Amino acid sequence: MTDALKRRSVPDLTARVATELGALAWKIAYERWRDATDRDDFTVLARQTLTEVRAAGALC
């Protein structure tokens with residue numbers, strides 16, 4: 001992912017941070033999906049989690 005972003009002229013540090021945040025969002029979404037009792041759609045959980053991770057990053 002990082003290499004793909006860099007090939008698209010994304011600066012190295014930005015590409016690395018985006019990759020790590022994307023992986024973190026996926027991991028959290030998977031944990032939420034795995035632990036959910038109602039088996040929410042993974043796609044919905046992934047999008048919600050990515051939104052939350054992005055918002056948290058904006059606070060830093």
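Visitor: How should I read burial labels here, and what is phenylalanine 42: buried, exposed or partly exposed?

Guide: Buried means under 20% relative accessible area, exposed means over 50%, and partly exposed lies in between, with a 1.4 Å probe and protein chains only. Phenylalanine 42 has 24% relative accessibility, so this residue counts as partly exposed. Note that this is a predicted model: local features need pLDDT of at least 70, side-chain atom pairs count only at pLDDT 80 or more, and totals for chains, interfaces and linings use all residues. Residues are numbered from 1 along each chain as its sequence is written, and side-chain values use heavy atoms, with hydrogens and water left out.

Visitor: How much of the protein counts as buried?

Guide: Of its 60 residues, 15% do.

Visitor: How do I read aromatic pairs, and how many does the structure hold?

Guide: Rings of Phe, Tyr and Trp (its six-membered ring) pair if their centres lie within 6.5 Å. Planes under 30 degrees apart count as stacked, over 60 as edge-to-face, and the rest as tilted. The structure holds four such pairs. Take tryptophan 26 and tyrosine 30: their ring centres are 5.5 Å apart and their planes are at 5°, so the pair is stacked.

Visitor: Where do tryptophan 26 and tyrosine 30 sit relative to each other in helix α2?

Guide: They are four residues apart in helix α2, so about one helical turn separates them. Tryptophan 26 is exposed, at 51% relative accessible area. Tyrosine 30 is partly exposed, at 34%.

Visitor: What kind of pair do tryptophan 26 and phenylalanine 42 make?

Guide: An edge-to-face pair, because the ring centres are 6.0 Å apart and the planes are at 65°. Tryptophan 26 lies in helix α2 and phenylalanine 42 in helix α3 (residues 42-59), so the pair ties together parts that are 16 residues apart in sequence. Trp26, Tyr30, Trp33 and Phe42 form one aromatic cluster.

Visitor: Where else can I compare sequence distance with distance in space?

Guide: Alanine 46 and alanine 29 are 17 residues apart in sequence, and 5.0 Å apart in space, C-alpha to C-alpha. Alanine 46 is partly exposed, at 22% relative accessibility. Threonine 43 also lies in helix α3. Threonine 43 and alanine 25 are 18 residues apart in sequence and 12 Å apart in space, C-alpha to C-alpha.

Visitor: What should I check about phi, and what is the value at serine 9?

Guide: Most residues other than glycine have a negative phi. Serine 9 has a phi near 70°, a positive value in a residue other than glycine. This serine is found in the loop between α1 and α2. Serine 9 is exposed, at 65% relative accessibility.

Visitor: Which residues does threonine 19 contact, beyond its neighbours within four places in sequence?

Guide: Contact means heavy atoms within 4.5 Å. Leaving those neighbours aside, threonine 19 is in contact with Met1, Thr2 and Leu5. Threonine 19 is found in helix α2. Its relative accessible area is 19%, so threonine 19 is buried.

Key:
Helices (H or I, at least four residues) and strands (E, at least two) are DSSP runs, numbered from the N terminus.
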